Amino acid sequence: MSDSALPVVNHFINGTEYVSASGRTAPVYDPALGVQTKSVALANAAEIEAAIDAAKAAFPAWRDTSLARKQQILFRFRELLSSRRDELAEILTSEHGKVLSDAAGEITRGLEVVEFATGFPHLIKGEYSENVSTGVDVYSTRQPLGVVGVISPFNFPAMVPLWFFPIAIAAGNTVVLKPSEKDPSSANWLAALFQEAGLPDGVLNVLHGDKEAVDGLLTSPDVKSISFVGSTPIAHYVYETATQHGKRVQALGGAKNHMLVLPDADLDLAADAAVNAGFGSAGERCMAISVVVAVEPVADELIAKIQSRVAGLVVGDGRRACDMGPLVTEAHRDKVSSYLDIALEDGASLVIDGRGIEVDGDANGFWLGPTLIDNVTTSSRVYTDEIFGPVLSIVRVASYDDGLALINASRYGNGTAIFTNDGGAARRFQNEAEVGMIGINVPIPVPVAYYSFGGFKDSIFGDTKAYGADGFHFFTRQKAITSRWLDPSHGGINLGFPQN
Ligand code: NAD
């Protein structure tokens with residue numbers, strides 16, 4: 001089929017499909033089939049302006065909509081999303097490639113944030129002090145920012161937008177969401193569903209595009225904040241550019257997450273965790289474990305246990321009962337597999353080689369099986385780069401201190417985990433690891449919705465994390481009001497200073 005005969009994913013602006021006239025599109029693939037199934041519109045300047053204008057026009061009425069009404073709409077959105085999650089999971093799998101159970105898991109984590117956001121009246125309450133001077137009261141209120149921009153990555157096309165827009169909207173803002181161009185459809189589906197729940201037109205707009213759309217949001221004086229999730233170089237660029245344009249910014253970047261296995265750990269538990277966290281979603285998770293740091297003498301036994309588990313994994317089309325799907329694009333698959341050659345050049349050993357794996361799916365899919373590399377050196381790019389695929393490295397160390405030093409020397413600080421039966425060691429680790437999210441015998445410690453998500457170092461730029469209390473803090477600004485009402489018994493105008 002020629003490109004022009006394929007469906008086009010258009011923008012969703014002011015409550016309706018907005019057919020792009022930019023003449024620019026990007027291909028959208030079904031990764032398990034290895035074929036282009038759609039194109040996605042790439043916005044031009046007029047379309048960027050249309051999305052921002054729609055959000056700007058919707059803001060005053062949405063800001064002033066009662067908390068009770070906003071809450072009803074959020075509850076209805078929650079109900080619709082919960083009852084129609086299978087539909088969304090199908091969309092996710094067809095564009096991202098992750099297996100359906102994983103897609104369902106992504107939606108559940110997003111739903112948790114919607115549920116958290118329904119309690120927003122409690123989280124935007126202000127404070128009140130009576131009689132700070134005689135007859136003078138001071139109180140504060142948290143007010144929305146206005147139009148806010150959300151820019152999301154390919155690997156969680158539903159969950160990452162759901163980290164931000166329910167909270168932004170609950171707090172009274174209006175949103176322009178720019179999803180990844182690799183898997184764009186779920187954003188439109190979510191926006192249409194929210195509208196069905198009663199959200200007024202223009203409160204949530206989806207603008208598709210590439211760097212041009214992103215730059216349009218970063219530089220527009222009408223966009224008050226930017227929430228970004230993606231790779232570190234782009235997160236850094238987004239942070240610098242948007243702050244230079246006077247915006248509030250939270251930009252979450254890449255990761256390289258270590259799992260430290262102490263000699264006293266339950267190695268079956270650790271092996272299960274390494275396989276889940278290393279190969280789940282084909283390793284395309286910012287909280288994936290990509291390095292197992294084995295404190296000797298456990299490495300050989302742990303590797304054997306990981307090997308036997310991997311032997312039972314079925315790689316294939318996510319719509320079938322498989323454990324792991326393909327990578328998102330052919331180019332990404334090729335980039336990830338190039339690290340296997342680098343590993344060999346750098347003297348590491350390929351314990352499991354994921355190339356040429358037999359799959360339960362179409363031969364043209366973007367496949368790479370689980371890969372395990374032993375004796376990885378910390379100077380190798382296999383160790384230093386974020387590979388973002390099903391490639392798990394083993395680094396052998398002599399002690400807890402050596403393992404900790406390695407983790408703390410990483411430029412990233414998103415997530416990490418320790419596996420041990422020693423509570424004292426775990427407690428030291430939670431204190432000493434320079435990482436934003438810590439797991440103790442838990443490999444992927446993504447915080448629940450009422451805590452906040454975010455790392456340290458090059459895994460985040462900005463002070464405020466995603467969702468939880470930080471989310472409401474980010475999407476509101478505090479106003480303090482000082483007021484004096486004359487007591488009716490006063491009987492006249494008082495032009496003097498208040499009396500203490
Ligand atoms: P990416 O940085 O390539 O893209 C993210 C967004 O930025 C997309 O919307 C994309 O269109 C846009 N973009 C891409 N290039 C741009 C440019 N030159 N200028 C302006 N905008 C640009 O990331 P990705 O490949 O979609 O996602 C994977 C990355 O996201 C990984 O590095 C992963 O660790 C990271 N990630 C981090 C977290 C976290 O919470 N820290 C969560 C999920 C993903």
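**The ligand and its surroundings**

A polar side-chain atom of Glu181 lies 2.6 Å from an oxygen atom of the ligand, which counts as a polar contact (a pair of N or O atoms within 3.5 Å). The model is predicted, with local features needing pLDDT of at least 70 and side-chain atom pairs pLDDT 80 or more, while totals for chains, interfaces and linings use all residues. Residues are numbered from 1 along each chain as its sequence is written, and side-chain values use heavy atoms, leaving out hydrogens and water.

Lys178 also reaches the ligand: an N or O atom in the Lys178 side chain is 2.7 Å from a ligand oxygen atom. At Gly253 the backbone takes part, with a polar backbone atom 2.7 Å from a nitrogen atom of the ligand. On its own the ligand has 850 Å² of accessible area, and the protein covers 88% of it (Shrake-Rupley method, 1.4 Å probe).

The ligand is surrounded by 26 residues, and Ser231 and Glu386 are among the closest (a heavy atom within 4 Å). By class, this shell has 14 nonpolar, eight polar and four charged residues, with Gly counted as polar. Helix H8 (211-219) and strand E11 (223-229) each supply at least two shell residues; these elements are DSSP runs of at least four residues for helices and at least two for strands.

Why does the ligand lie between domain 1 and domain 2? Both domain 1 (3-253 + 459-480) and domain 2 (257-440) give residues to the shell, so the ligand lies between them. The domain bounds come from an automatic or database assignment.

Two backbone details remain. Ser281, in the loop between helix H10 (267-279) and strand E14, has a positive phi of about 55° although it is not a glycine. Pro297 lies in the loop between strand E14 (289-295) and helix H11 (299-311), and the peptide bond from Glu296 to Pro297 is cis, with omega near 20°.

Notes: Polar contact = N/O pair within 3.5 Å; in protein donor to acceptor, adjacent residues only side chain to side chain.
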